[in-house]
Amino acid sequence: MKVFNKMGNFWNQLYLFLILISDGESLSDKTFQHLHLCQNLEELGISFAEEMQELGITALTQLHHLKRLKLKRAKKVIADDFITLFASKNLENLENLALSECVQITNEVIQTLAIGCPNLKILKLNWCWEIQDVGIEFLIRYCNQITHLH
């Protein structure tokens, strides 16, 4: 734990802008909770974020500079945690959001996302099976800047 704290402080001093994790399958929620240390982060991409849960989502709410966020296969993140993430209004700078294979994405999540992320241009919701017409209609109505919807 001490080693990560030192690395976290080191990363913060480097003004890290980008983190891409191509296989986050073995990373725990406790690891994801330290993302808040990267306050200057503009792009975060995590494929196979299968162990991310409430701690990781709480850390994401503190990343005010994020413009691009990819959480692929965040299967353990429940709808209420996604709602908390987007209701915080701390992700207003998001322009590109990919939530492919996040099975807990519901119409209510989409509605909160549409209000909390008004600058979205690209949204990827591939294999998010719980979204219905009502969610997509809300998204189209409130996210006027979207140019790509997958």
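C117 is buried, with 0% relative accessibility (buried means under 20% relative accessible area, exposed over 50%, partly exposed in between, with a 1.4 Å probe and protein chains only). The model is predicted, so that local features need pLDDT of at least 70 and side-chain atom pairs count only at pLDDT 80 or more, while totals for chains, interfaces and linings use all residues. Residues are numbered from 1 along each chain as its sequence is written, and side-chain values use heavy atoms, with hydrogens and water left out.

**Cysteines**
- The whole structure holds 0 disulfides, a disulfide being a pair of cysteine sulfur atoms within 2.5 Å.
- C38 is in no disulfide, and its nearest cysteine sulfur, in C117, is 20 Å away.
- C38 is buried at 3% relative accessibility.
- For the sulfur of C117, the closest cysteine sulfur is that of C143, at 7.3 Å, which is too far for a bond.

**S47**
- S47 lies in the loop between β2 (43-46) and α3 (54-60); helices (H or I, at least four residues) and strands (E, at least two) are DSSP runs, numbered from the N terminus.
- With 8% relative accessibility, S47 is buried.
- Its side chain makes a polar contact of 3.0 Å with the side chain of K70 (a pair of N or O atoms within 3.5 Å; within protein, one must be able to donate a hydrogen and the other to accept it, and residues adjacent in sequence count only if both atoms are side-chain atoms).
- Beyond neighbours within four places in sequence, S47 is in contact (heavy atoms within 4.5 Å) with I21, S22, D23, G24, E25, K70 and K72.
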